[in-house]
Amino acid sequence: MPGACLSTPTPGLISVVIPAYNAQHSLRATLDSVLAQTWPDIEVIVVDDGSTDLTAALLASYGPRIRTLSQPNGGLASARRTGVAAARGDWIALMDADDLCRPERLAVQARVLQHWPDVVLCCSDFDAFDEQGQVHPSHAHRYYASIDRAPDGMKSLLERAEVLDLAKDLPASGTPGPTSTTVFHGPAYRALAHGNFVHPPTVMFRRELLAQIGTFDPEAGSMCDWDWISRVAGVGSIAFVQRSLLDYRLSATQMSSPRYRIRASTDTLRVAERICHRDEALYLADLPRFRADLGFFCADAADALVEHDKGQATRLLLRSVTRFGRVDRTTLRVMLKILVPHWALAARRQRRTLHVA
């Protein structure tokens, strides 16, 4: 997609873009973590995407330390587009309104982009924490099936591994952990076409990408990041820092939570289809694998939809079986749900709700 009108870049400046929608409870901690970065030259851009809570008042309390852009609610892709178009930095970092940056995050990623000119986008590992305070270290391989399924994790997805010295980029007070880290980097277009493994809130990229490949596409829905990152990988190398530079908040209200499963599964299928249509040569070269991908995504979307829209679920399941040849336990489970009367499924959902409560 063509990019929006961009501002003139400022060398050495890192623009951090944060979409925010009804984020009053988490946004202050997020902003404080970004403002505490060791990199000296940053601008923080928050796009208030039509919030109806106290997000606007919270943002106003930061005064000139942040730039606030307000717009009617348009969703994640729209907010990201607005933010990156306004960014003045030579590098742009993405962030979500409920996560926390480690103090050295931006400095380490800037070092990566400086050190490897062929790298157009840098991401990293991350820890996760839940509402009970439990920490899940090095969460990337648990969160992304593409990493977990790879024989040697990121070593299998990015062909080169080098050690980066971090000593001068760590906070003066000292940061727990080693003063060096492994950076995996290399071409990732083919791997990313089959599934994302780049965590969007850990991304930092060269702003020139926006002129090369365009920006985030609202038609890709909640999977706009995967859609965009797969296009990024077509023009340069990707780097992954094997150090947690972000603390990722796990909550029931985030877009990746089970409550949004229908949207996530249908958007995933849509983006997978877009990737196949965009590059027919790659699709034909990897045909068996793409057929397996699409068969799985169709069945997964059918499973998410079956208790709400049996007609659409039936069509997706038939496509998974007849076009892509996929038959597994998910297929049988969805078939059973299609055959079970609505009242029985409703009773099952009620029992499940009572059990959770």
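A: Let's look at helix α14, which covers residues 310-323. With 14 residues, α14 reaches 19 Å from its first C-alpha to its last, close to the 20 Å expected at 1.5 Å a residue; that expected span is 1.5 Å times one less than the number of residues. Helices here are DSSP runs of H or I with at least four residues, numbered from the N terminus.

A word on the source: this is a predicted model, where local features need pLDDT of at least 70 and side-chain atom pairs count only at pLDDT 80 or more, while totals for chains, interfaces and linings use all residues. Residues are numbered from 1 along each chain as its sequence is written, and side-chain values use heavy atoms, leaving out hydrogens and water.

K310, A313, L316, L317 and S320 are the buried residues of α14, where buried means under 20% relative accessible area, exposed over 50% and partly exposed in between (1.4 Å probe, protein chains only). Seen down the axis of α14, these buried residues fall within an arc of 130°, so they line one face of the helix; the arc is taken from the directions from the helix axis to the C-beta atoms. R315 and T322, on the other side of α14, are exposed.

Helix α14 also contains R323, which is partly exposed, with a relative accessible area of 48%. Leaving aside neighbours within four places in sequence, R323 is in contact (heavy atoms within 4.5 Å) with R291 and L318. R291 lies 32 residues from R323 along the chain, and their C-alpha atoms are separated by 8.4 Å. Just after α14, G325 takes a positive phi of about 65°.

Terms used:
Helix = DSSP H or I, 4+ residues; strand = E, 2+ residues; numbered from the N terminus.
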